[in-house]
Amino acid sequence: WIGRSEGAAITFDVASPAADPALQLEVFTTRADTLYGATYVVVAPEHPLLEDLTAEEHREQVEAYVSAAKAKSELDRVATTAKKTGAPTGATVSHPL
């Protein structure tokens, strides 16, 4: 079953003042039972909504992070031993529960 996971799609409303109030972010999880403990949502550097989610004051840092991610190989990006990195977008979401 390589590449296939059973799980659920969960929709979060974007609650950031910089974003369109109708904007929603759908995430996939194989562990819906852990949703109560969710404290943040992560989007990939190539996510189609990243530009809409990024507040102006975070844009430069996010663009630098996206450029750095594009320079890495796919193997480097998915390595489980690599330190987790990211850049804040300034966006927030409302917990769906």
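The largest pocket of this predicted model has a volume of about 970 Å³. Its lining comprises 38 residues, and those closest to the pocket centre are Val-42, Val-43, Tyr-65, Thr-85 and Gly-86. The second largest pocket has a volume of about 270 Å³.

**Largest pocket**
- Two strands, S1 (8-14) and S3 (93-94), each supply at least two residues of the lining of the largest pocket.
- Helices H1 (50-53), H2 (59-71) and H3 (74-78) likewise each contribute at least two residues to this lining.
- By residue class, the lining of the largest pocket holds 23 nonpolar, nine polar and six charged residues.

**Second largest pocket**
- Among the residues that line the second largest pocket are Phe-12, Val-27, Phe-28 and Thr-29.
- The lining of the second largest pocket also includes Arg-31, Thr-34, Leu-35, Ala-38, Tyr-40, Val-41 and Val-42.
- Strand S2, residues 24-29, gives the most to the lining of the second largest pocket, with three residues.
- Eight nonpolar residues, two polar residues and one charged residue make up this lining.

**Sheet**
- Three strands form an open sheet in the order S2-S1-S3, and their pairing is antiparallel.
- S2 and S3 stand at the edges with a single partner strand each, so one side of each has no neighbour in the sheet.
- S1 and S2 run antiparallel and are joined by six bridges.

- Thr-89 is located in the loop between H3 and S3.
- Thr-89 counts as buried because its relative accessibility is 15%, and the buried class covers values under 20%.
- A polar atom of the Thr-89 side chain lies 3.0 Å from the backbone nitrogen of Ala-91.
- Leaving aside residues up to four places away in sequence, Thr-89 touches Leu-50, Leu-53, Thr-54, Ala-55, His-58 and Val-62.

Methods:
Residues numbered from 1 in each chain as written. Predicted model: local features only at pLDDT ≥ 70, side-chain atom pairs only at ≥ 80, totals over all residues. Heavy atoms only, no water. 1 Å grid on protein atoms, 1.4 Å probe; cavity = no way out; pocket = protein on both sides within 12 Å on 5 of 7 lines; lining within 4 Å. Points joined across faces, edges and corners; volume = space filled by probe spheres on them. Helix = DSSP H or I, 4+ residues; strand = E, 2+ residues; numbered from the N terminus. Nonpolar A, V, L, I, M, F, W, Y, C, P; charged D, E, K, R; others polar. Buried < 20%, exposed > 50% of the residue type's maximum accessible area, 1.4 Å probe, protein only. Polar contact = N/O pair within 3.5 Å; in protein donor to acceptor, adjacent residues only side chain to side chain. Contact = heavy atoms within 4.5 Å. Pairing = 2+ DSSP bridges.
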